[in-house]
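Hi,

Here is the structure I promised to hand over. Have a look, and then read on for what turned up.

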Amino acid sequence: MTKYLLKGGTIATCEKGKPGVRVFKSDVLVAGTTITKIEENMAPEAGVEVIDCTDKWITPGFVDTHRHVFMAVMRGNHCDWLLTEYFIKSPARHLTVALYRTVQGDLTPDEVRIGTLAGCLDALHNGVTTLLDHFHAANTRAHLDAALAATLESGARLRADGRVTLGLAYDVLRGADVAPHVEFVRAARAAGARIVTAHALVDEHVTAWRDAGLIGTDVPAGARGPRGAAWKVLKESGAGIGATPVDELGMGHGNPLALEALARGVKCGLGADAVSINGGDMFTQMRTQLQWSRGATHENIRQNKLALPYKNEWNSADVFRLATLGGAECLNMGDLIGTVEVGKRADLLVFDTNTPNLGGAADPVTGVVFHAGSEDVETVFVDGEMVKKNGKLVRSWGPVAMELRKHADAIRERWSANKLEGEWKKWWDTFGSPVW
Ligand SMILES: [Zn+2]
């Protein structure tokens, strides 16, 4: 059994059932897949690899509760699009509303495979050790097999205790006629789908699913989330939200609601959503959510000519929780991952604090939330296995990058920006804004 002793680091972690983030100095012993001891000044036993963590921070691996991993193969192609524009230019195959099948419905299994592998490695590089991959490119069985093989190969944890567990990504919750979906979702659960994830576009869809008996603790709704009645449904059912602040702000989904979920006692985590648009890190998601929420509060105060309060309502510790234990709880994995505690799986990050980003900083919570980047994530463990070491992925990234570029270029060649723009313009001139 491989053992690591992380010596002399500063640990920052949430603790189950307790508010805030605990920061303390200690050694951490990892044996096999598990954190087995947290104690000061542990003497290394024979056969234990000691990692000097002087001037280092140790945190749980980040948990992403809503990400489309394969979209790494389309990186940069639609950062400036609205959601409506996306639905016409690049819908998933089953959502095609345009007059022809566009980008995602046309991807090959090989393109999906390299996108998934690169997307998982991107996550690990950024310290995201667990992902809920909302995979919507199962154009054929071969696409599904290719994505699954790449996921297993990557070493990332996809939702559960055997590192990779299958669930059901049900693309969009439907409103008026739920009946056809009831049978489908029940069949998936009966076949062993451990989690069901869906994009929730409007409240009525969430309540319709509740009325049909489909909402349960295994349903983290996707990026859009509730606005009114659905809050109550989510709280009462124990279903969670995978909130994705950057996508939501940019594409027109509505305002980021992760901190409101926290205040309402609804389970919630953060996610990068489309990694074709966003980077694979959680730093940006934490910062965006926190600063947007603060900005909204401040704007309300200014508009109503009120005085600024004594303190900010939301702080770094709140979004640190969302990105770690909050996400784990959202995926019903709070007993397994999401904190640095004895008995938890060793999904751990070690940050070097002598970098240009973190040099001189003393508090790991504000440091991680406001200043850190992937280059500061020196070491990443998943299940006690080192997947990033000395700031570099253990798996060689170079060959993956070459293959990724080849496929990404081929996609852009088949579906040029001009061609897609032409289709959007044609739609717009004929029908105006799409309504869903
Ligand atoms: Zn999504």
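How many of the residues of strand β5 (residues 56–60) are buried? Strand β5 is mostly covered, with 5 of its 5 residues buried (20 or more other C-beta atoms within 10 Å of the residue's own, C-beta atoms being placed from the backbone).

Before going further: this is a predicted model, where local features need pLDDT of at least 70, side-chain atom pairs count only at pLDDT 80 or more, and totals for chains, interfaces and linings use all residues. Residues are numbered from 1 along each chain as its sequence is written.

Back to β5 and its partners. Strands here are DSSP E runs of at least two residues, helices are H or I runs of at least four, and both are numbered from the N terminus; strands pair if DSSP finds at least two bridges between them. Strand β1 (residues 3–13) runs parallel to β5, joined by 2 bridges, and Thr10 stands opposite Trp57. With strand β16 (residues 348–352), β5 pairs in the antiparallel sense over 5 bridges; there, Ile58 has Val350 as its bridge partner.

Now the helices. The axes of α2 (residues 109–125) and α3 (residues 141–154) come within 8 Å and cross at roughly 25°, which means that α2 is roughly parallel to α3 (angles under 35 degrees count as that). Axes are lines fitted to C-alpha atoms over the stretch in contact, with angles from 0 to 180 degrees between N-to-C directions. Contact (C-beta atoms, placed from the backbone, within 7 Å) involves residues including Leu117 of α2 and Ala146 of α3.

Cheers

Terms used
Parallel < 35°, antiparallel > 145°, perpendicular 65-115°, else oblique. Contact = placed C-beta atoms within 7 Å. Buried ≥ 20, exposed ≤ 12 C-beta atoms within 10 Å, placed from the backbone.
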